[in-house]
Amino acid sequence: MFLILEEHFAGLDRDVFNQDLDEKDWVVRINDTEGNIEGFSTLKVLTQEFEGERIHGFFSGDTVLSKRFTGDPTWIPVWGDHVFAEAALLEPEKSYWVLLTATHRTYRILPVCFKEYIPNPHKPSDPRFKKILDGFVRQKFPKEYDAESGLVVLSKSIPYKNIEDIKSKFGDHHFYTDYFRKLNPHYERGDFLCCMTELCPENLTDSCVRIVYGIRPIVAIS
């Protein structure tokens, strides 16, 4: 898993990676037909009290695919099934997906899959929703998070190694790509745009319903 991450990012620290992995609740592993790990996504549930209610945030940590699997979306249905199943166990308490992303391709999952999310280029963020996001992100990055900009800027940057490959493969100009870059102008050095959406069936787009209940890839959750 660390080697796959190292394919894409510079300045990684193996001890920091191990510590971060140890604190997570789940790892979704993407395997090829021979059982080799070709990608992964880590998850941790955060909890906070907000306006007298207990709420939960499914925080996505490292999420990356090997170069030969980059752009393959077949892991998303299993990830979605798992997260929504876990969120259902926490009802009637509300759950949210807390996404910190340094790539426009990951940000574009939000408009494809969810009706309401922040930040959204089509409407200003609900101040109440933004406060919930702020509370979750500060649990993980109390010093690195700038609530005004909505960015997490690490004290030690972890820049992309092959940023031109990302631009060429996922489009250099696109409505959501341009919006992401406007909000996160230094994404190439590894700055994270903080995003959030509510995890409930009513918030899924028709496209996301097809994705979540689509073809199942070869993955494992631990």
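Predicted model: local features only at pLDDT ≥ 70, side-chain atom pairs only at ≥ 80, totals over all residues.
User: How many helices and strands are in the protein chain?

Analyst: The protein chain has nine helices and eight strands. Both are DSSP runs numbered from the N terminus: helices are H or I with at least four residues, strands are E with at least two.

User: How is an aromatic pair described?

Analyst: The description uses the distance of the ring centres and the angle of the planes. Rings of Phe, Tyr and Trp (its six-membered ring) pair if their centres lie within 6.5 Å; planes under 30 degrees apart are stacked, over 60 edge-to-face, and the rest tilted. By this rule there are 13 aromatic pairs. One of them, W97 with F114, is tilted, at 6.0 Å centre to centre and 45° between the planes. W97 is in strand β4 (residues 95–101) and F114 in the loop between α5 (109–113) and α6 (127–140), 17 residues apart.

User: Are W97 and F114 buried or exposed?

Analyst: Both are buried. Buried means under 20% relative accessible area, exposed over 50%, and partly exposed in between (1.4 Å probe, protein chains only).

User: Why does the pair of Y107 and Y117 count as edge-to-face?

Analyst: The planes of Y107 and Y117 stand at 75°, with centres 6.4 Å apart, so the pair is edge-to-face. Y107 lies in helix α4 (residues 104–107) and Y117 in the loop between α5 and α6, so the pair ties together parts ten residues apart in sequence. Y107 is buried at 0% relative accessible area, and Y117 is buried at 4%. Y107 and Y117 also belong to one aromatic cluster with Y179, F180 and Y187.

User: How many residues does the largest nonpolar core have?

Analyst: A nonpolar core is a set of buried Ala, Val, Leu, Ile, Met, Phe, Trp, Tyr and Cys residues joined through side-chain atoms within 4.5 Å. The largest here has 31 residues, and those with the most contacts inside it include W97, Y107, L110 and F114. Elements giving two or more residues to this core include β1 (26–31), β3 (53–65) and α3 (76–89). The largest share, five residues, comes from α3. A second, separate core of 19 residues includes L46, F59, F129 and A147.

User: What does L110 touch?

Analyst: Contact means heavy atoms within 4.5 Å. Not counting residues up to four places away in sequence, L110 touches W97, L99, Y117, C195 and T197.

User: Where is R181 found?

Analyst: R181 is in helix α8 and is buried, with a relative accessible area of 17%. R181 and H104 are 77 residues apart in sequence and 7.4 Å apart in space, C-alpha to C-alpha.

How values were computed. Residues numbered from 1 in each chain as written. Heavy atoms only, no water.
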